[in-house]
Amino acid sequence: MKTNDVILQTTTKVVFFIIILFSIHIFFAGHYAPGGGFVGGLLTSSGIILLLLAFDLKTVSNMLPINYTVMTAIGLLISLGTAAASIVFNVPFFTHAFDYFMLPLLGKQSLHSAALFDLGVYLVVVGVTMTIIQSIGEDE
Amino acid sequence: MSFVYFIFIPMLAAFLIPFLYKKVSGIHTGWFVLLVPVVLFILYTTFLPKVQNGESFSSSFDWIPSLDISFISYIDGLSLLFSLLITGIGALVVLYSIFYLDKTREQLHNFYVYLMLFMTAMLGVVQSDHLISLYFFWELTSISSFLLIGYWYKRDRSRFGALKSMMITVFGGLMMLGGFVLLSIMGDTYSIRELIAQAPELANHKWFVWSLVLVLLGAFTKSAQFPFYIWLPDAMEAPTPVSAYLHSATMVKAGLYLVARFTPIFAISEWWIWLVTGIGLLTLFWGSFFALKQTDLKGILAFSTVSQLGLIMSLLGAGAISFHTGIDDNSIFKYAAFAAIFHLVNHATFKGSLFMIAGIVDHETGTRDIRKLGGLMSLMPISFTIALIGSFSMAGLPPFNGFLSKEMFLTGMLSIPEFDFFAFDTWGILLPIIAWIASVFTFVYSFYFVFRTFTGKHKPDLLPKKAHEAPMGMLISPAILGFLVVAIFFIPNVIGDTLIKPAVLAIQPYLYSSTEEIDIHISAWHGFKLELWMTIGIIVVGLLLYWTLSKWQPLYEKFPQRFSLNYLYDRLMDLSETGTNRLSSKYMTGYMRSYLIYMFTGIVILTISTIFIKNAFDISFATLAPIRFYELIIALVLVAGTITILAAKSRLTSIIALGAVGYSVALFFVIFKAPDLALTQLVIETVSVALFLLAFYHLPKLNRHENRMKFRLGNALVAFGVGVMVTIVALSAHSQKLVPSISAFYEETVYSEAGGGNIVNVILVDYRGFDTLFEIAVLSIASLGIIGMIRLRLTKKKEVNRIENK
């Protein structure tokens, strides 16, 4: 897929960051408003796919030198770790904990172990999607 | 004292072994490992004085309390005897292995890790009072035995032998688990002691005989009884220390332990007595007869082990008869269990030393083939002495311990026809005859083993190495065992009082309530009774047969291969492999479309038939909202898009139409106020269209196959079925509300319990977090699969190119 589309490339440079910011917003909003790790992850990967469409695979992997397989593994470990951590506190597997805190700048916010679990989901989704697309894209 | 944790000491030590092997490479790892069995042996010896008085100890910790599963270590005479054997012989074997396995050439850390794993497993088997943890340790011994047999995993025979032993013993283990489950249902407890306490009630249960047979299958496969013994000769591919330890002294005796342990429960049944005695005697004869066919030193010992295990098994069976005769009867049955345990100890000593000698011969001459060996007596005098002691004890000659237990065995078998239950007074006469014949062959192979190796003509040109005596360190262990063989003959009653009587108390609690009541005194001289004449007969006939051995040994070759059990096993394995392969290749075509058809057809049939059987088909339009104009338009777009996908001549059109369908579904979600779904659907659609476009380059052209009418008709049927099913399910689900909707529960609890506001997301991460966890796990596996499929193929292609370029 050799492209040399100046308009697409220029737009992408701006839109990419908007998508990523939006995906991060969606990820954090998840617990109270529409969104969450799964959608957030998909949005992030769609942003990276946009980069792939505008530039080629090599340029993108230079821009974002991420090993997506490792990312998947880290995500899975975070999710499993969050679920398993409850054993240490002598409550059944997968019991989430949350509480409300006063944070500087942000005011009263809830901190939730479910968000950590969701972070794992987010990483796995990005990792898996990009692994698939990269593997198929590289295969000539 | 929580001695239940002692069981796990070897396993904990196993964690340190790899580090010791890597970091302290100057010292043979075995020296560190040696500490474990020695310390355990000393620890278990401290129980001896109290257990000798008939006391027993128990210690436990919970493993899975919700399922009532725990580790219970129960130490009485029987388990203490076995624990001492395991740690005692274990220490000698580790000492021997230090000299047997070279520290520079061998993967020592693997070896000792497996060995320690085995030690934990075996201690667990003999001490567990809980059926499930007993089973757990039982299978762990099979697994560690598998790993040890396959220790030299680059050899074909090792892998074959490892797999064979695993197949047979795990089969038996699973059968035994079935027996255990039945027992626990019958007695409503997992504890063996509690089962024994209610043994009389169990006997009337309809599953009693089933559980008996299943438990025996486990014992027979593990203890290499006929017809399951075939794994043991192949297990001789293991390093010799392993053969001496697992496959003669300890693991194969787990089956005997099981039979002894369950005797108080099952002795009431004639099935038990006939099966244990009969199979034991058959194995005794079979093993001793075929031992003479072997030409491999360890092969001879393997068959002799099979045969000796049969002997002990038959004694345990005869011991169970005492349940019916009682203690007042003067007959010998009440001594049979004593004889069984006595011979078990004796066998561990003489067979252990013989295996070690076989290993020494192999180590110092480079071969175990008895046809190449001979005349080693003058070159290896110490080994010869030890081998002579071991063999004579095995043959049942004085002044060695084998003589004592062999005499007791003959006495036991002779008195069986006296027993007038269960047709023993008619058929029972066969048993002493078989026992006598088997003893003759035992005598012959004992002589065959020792004299063909150490006397006769020395053939140095046939040996791969120049023969010489083994280093002193290697001789220590067999020498200690050899010394015990002689010592036990002179002080049999010391062993009898300290070790064997407490064990007998555990096997026959219905006869004795304390060790003092067991009025057995071992003596070498009984006067000129029938037993003595039988022994003299064995010696005379045995010597005769040994001298004429070269005349009749070729007869073994006449035995047709087709009828051997090994042939049966090979055919069975072959059949199951090719058979299942053929079966699965019938429907695993390798085409995605076939699999989709299976799945969809299955779902359609299952769902629609369930709906009809449960009479759940119910459609009412009463509660439906009116259809709005823009909903109609989106639906039309959806239909048009779907038709375009099917009708399109090029794939690109199909892909774009598929995208259109996906986006219209997302619009539906927006209209029906499901923002989460709409968002997800939109992004998914975007990503999957991009993915399709990527994959598009690699897909083949639309081919003729898809144009054939038959193909399309079948697909249309499946597609129609899926459509009908989904419609029926959706309409029926909407029309009838049998149970209140769960959404009310979510609305109530989402903030108070889960601390969130968005029900959909809280379901994903909290309420049904397990689903999500497994989904992301499946996703990760799928991505690994794709990497495997695509990247591995790439490297292959490159390799092909490289070869072509050359």
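Predicted model: local features only at pLDDT ≥ 70, side-chain atom pairs only at ≥ 80, totals over all residues.
**Helix α2 of chain A and helix α30 of chain B cross in a left-handed way.** Residues are numbered from 1 along each chain as its sequence is written, and chains are lettered from A and ligands numbered from 1 in the order in which they are written. The axes of α2(A), residues 37–54, and α30(B) come within 9 Å, at a crossing angle of roughly 35°. Those axes are lines fitted to C-alpha atoms, for helices over the stretch in contact, with angles running from 0 to 180 degrees between N-to-C directions. Helices are DSSP runs of H or I with at least four residues, strands are E runs of at least two, and both are numbered from the N terminus. On the chain A side you'll find Phe38(A), Val39(A), Leu42(A), Leu43(A), Ser45(A), Ser46(A) and Ile49(A), and they meet Leu679(B), Thr680(B), Val683(B), Ile684(B), Thr686(B), Val687(B) and Ala690(B). (Nonpolar covers Ala, Val, Leu, Ile, Met, Phe, Trp, Tyr, Cys and Pro; charged covers Asp, Glu, Lys and Arg; the others, Gly among them, are polar.)

Contact means that the C-beta atoms of two residues, placed from the backbone, lie within 7 Å. For the complex, the predictor gives an ipTM of 0.90 and a pTM of 0.77.

**Helix α33 of chain B is mostly covered, with eight of its nine residues buried.** To count as buried, a residue needs 20 or more other C-beta atoms within 10 Å of its own; 12 or fewer makes it exposed, anything in between partly exposed, and the C-beta atoms are placed from the backbone. The buried ones are Val760(B), Asn761(B), Val762(B), Ile763(B), Leu764(B), Val765(B), Asp766(B) and Tyr767(B). Across chain B, buried residues make up 44% of the 806 residues.

**Ile78(A) sits in helix α4 of chain A, residues 68–88.** Ile78(A) counts as partly exposed because 19 other C-beta atoms lie within 10 Å. Leaving out residues up to four places away in sequence, Ile78(A) touches Leu116(A), Leu119(A), Gly120(A) and Leu123(A). The C-alpha atoms of Ile78(A) and Leu119(A) are 7.6 Å apart, though 41 residues separate the two along the chain. Chain A as a whole has five helices and two strands, in the order α-α-α-α-β-β-α. Of its 140 residues, 40% count as buried.

**Over in chain B, helices α18 and α23 make a right-handed crossing.** The axes of α18(B), residues 401–415, and α23(B), residues 530–547, come within 9 Å and cross at roughly 115°. Glu407(B), Leu410(B), Thr411(B) and Leu414(B) from α18(B) meet Leu530(B), Glu531(B), Met534(B) and Thr535(B) from α23(B). By class, this contact has four nonpolar, two polar and two charged residues.

**Ser523(B) lies in the loop between α22 (492–507) and α23 of chain B.** Is Ser523(B) buried or exposed? Ser523(B) counts as exposed because it has 9 C-beta neighbours inside 10 Å. The C-alpha atom of Ser523(B) is 8.3 Å from that of Asn493(B), a residue 30 positions away along the chain. Chain B averages a pLDDT of 86, and 94% of its residues score at least 70; pLDDT is the predictor's confidence in each residue, from 0 to 100.

Definitions and conventions
Left-handed = near helix turned anticlockwise from the far one by under 90°.
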